[in-house]
Amino acid sequence: MLTLSAPFEHEVVLQKSRFLARARPAADREEALALIASLRDESATHNCYAWRLGADYRFNDDGEPGGTAGQPILRAIDSQGLDQVLVLVTRWFGGIKLGAGGLARAYGNTAAECLRLAPRVEVLPLLSLVLRAPFDCLGAVYHLMESFGAGKPREGGGERFDAEGLTVTLTLTAEKRPAFEAALRDATRGRAKLEEQGAP
């Protein structure tokens, strides 16, 4: 999976209308919404956007005719195989109407060229894992989670304590899992267990 490694901007003037595409990496919906709020230019005629965050996507035409702005921007993101990306295209109307087809091409092509030129980075897929450990292993478990960058998901995860000890849902890249499991086994003498979320 590819995403942007840094923000990028690209500007085009078509039939006297100015189109400014601003592409940003976004980790989740909250970050995408915050970026939209910060990037909007209230002096512009339209601020249209789309984002792709895994299975979550959204697009907005911001007053342009339906389907002429947000959807073409989303298609530009998807056609380049990008994820965790927001693109906002701001238009300053120049007095010449472009028509529905012209608008769709203008928004889609401006977004596509911005993304084509933007710096990219590969995002390694994350596994969602459940770790169970007795209380006397918690110090070792937390130390290993920090060392390996095993994070707790923002939603639907976290920690639970019961009579057995700790149950925590965490995320870890697939390539780190074997080393993490081996270190966990050694540090807890095999008493901590790691399994894929949803496994019986």
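Visitor: What makes R18 a charge that sits over the ring of W92?

Guide: The charged end of R18 is 4.0 Å from the centre of the W92 ring. A charge sits over a ring if NZ of Lys or CZ of Arg is within 6 Å of the ring centre and within 35 degrees of the ring normal. The model is predicted: local features need pLDDT of at least 70, side-chain atom pairs count only at pLDDT 80 or more, and totals for chains, interfaces and linings use all residues. Residues are numbered from 1 along each chain as its sequence is written, and side-chain values use heavy atoms, without hydrogens and water.

Visitor: Why is the pair of F19 and Y107 called edge-to-face?

Guide: Rings of Phe, Tyr and Trp (its six-membered ring) pair if their centres lie within 6.5 Å; planes under 30 degrees apart count as stacked, over 60 as edge-to-face and the rest as tilted. The centres of F19 and Y107 are 5.2 Å apart and their planes stand at 90 degrees, so the pair is edge-to-face.

Visitor: What makes the pair of F135 and F161 stacked?

Guide: For F135 and F161 the centres are 6.3 Å apart, with 10 degrees between the planes, against the limits of 6.5 Å and 30 degrees.

Visitor: Why does F135 count as partly exposed?

Guide: Buried means under 20% relative accessible area, exposed over 50%, and partly exposed in between (1.4 Å probe, protein chains only). F135 has 43% relative accessibility, so F135 counts as partly exposed. F161, at 45%, likewise counts as partly exposed. By contrast, F19 and Y107 are buried.
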